[in-house]
Amino acid sequence: MLLDACESIKALSEYLGHHDPGFTLRTYTHLMPSSGTRTRAAVDRMFADAELEDGGPETAQDGA
């Protein structure tokens, strides 16, 4: 539940007494069914923000 609520893996690992956050991820990520949806939404937001800021390749300067 903590991972699904966006708690950091490092914090969760410490709460559980694990010495390696990688172990915590390998053990508990299968319990996060919505993570794929959240990940896709985050990537979509990142690209949308980049297009707004950057303007994309159409705005490249001549001779650059």
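**Surface, helices and salt bridges**

Mentor: Tyr-15 counts as exposed, at 54% relative accessibility. Please keep in mind that this is a predicted model.

Trainee: Which element does Tyr-15 lie in?

Mentor: Tyr-15 is part of helix α1.

Trainee: And which residues form the nonpolar patch on the surface?

Mentor: The patch consists of Leu-2, Tyr-15 and Leu-16, and together these residues have about 310 Å² of accessible area.

Trainee: What does Glu-7 touch, leaving aside residues up to four places away in sequence?

Mentor: Glu-7 touches Leu-2, Leu-12 and Tyr-15 on that count. Two of those contacts, Leu-2 and Tyr-15, also belong to the nonpolar patch. Glu-7 itself is placed in the segment before α1 and is partly exposed, with a relative accessible area of 29%.

Trainee: Let us step back. How many helices and strands are there in the chain?

Mentor: The chain has 3 helices and 0 strands. Read from the N terminus, its elements run α-α-α.

Trainee: What share of the residues counts as buried?

Mentor: Of the 64 residues, 12% count as buried. The chain exposes about 5300 Å², and carbon and sulfur atoms supply 59% of that area.

Trainee: Which residues of α1 are buried?

Mentor: They are Ala-11, Leu-12 and Ser-13. These buried residues of α1 pack against α2.

Trainee: At what angle do α1 and α2 pack?

Mentor: The angle is about 90°, and the axes are 9 Å apart. The two helices, α1 and α2, are therefore roughly perpendicular to each other. On the α1 side, the contact is made by Ile-9, Lys-10, Leu-12, Ser-13 and Leu-16; α2 contributes Pro-21, Thr-24, Leu-25 and Tyr-28.

Trainee: What follows α1?

Mentor: Gly-17 follows α1, and its phi is positive, near 80°.

Trainee: A change of topic: how many salt bridges does the structure hold?

Mentor: The structure holds 2 salt bridges. One joins the side chains of Lys-10 and Glu-14, at 3.2 Å from N to O.

Trainee: Why are Lys-10 and Glu-14 separated by about one helical turn?

Mentor: Lys-10 and Glu-14 are separated by about one helical turn because they are 4 residues apart in helix α1, which covers residues 9–16. In general, an α-helix has 3.6 residues a turn, so residues three or four places apart point the same way. Lys-10 and Glu-14 are both exposed.

Trainee: And which residue forms a salt bridge with Asp-20?

Mentor: That residue is Arg-26, and the closest N and O atoms of this pair are 3.7 Å apart. A salt bridge is counted here when these atoms are within 4 Å, so the pair qualifies.

Trainee: How accessible are Arg-26 and Asp-20?

Mentor: Arg-26 is exposed, with a relative accessible area of 61%, whereas Asp-20 is partly exposed at 38%.

Definitions and conventions
Residues numbered from 1 in each chain as written. Predicted model: local features only at pLDDT ≥ 70, side-chain atom pairs only at ≥ 80, totals over all residues. Heavy atoms only, no water. Buried < 20%, exposed > 50% of the residue type's maximum accessible area, 1.4 Å probe, protein only. Patch = residues over 30% accessible without salt bridge, like charges linked within 9 Å, V, L, I, M, F, W, Y side chains within 5 Å. Areas by Shrake-Rupley, 256 points an atom, 1.4 Å probe, with all protein chains shown as cover. Axes fitted to C-alpha atoms, helices over the stretch in contact; angles between N-to-C directions. Parallel < 35°, antiparallel > 145°, perpendicular 65-115°, else oblique. Contact = heavy atoms within 4.5 Å.
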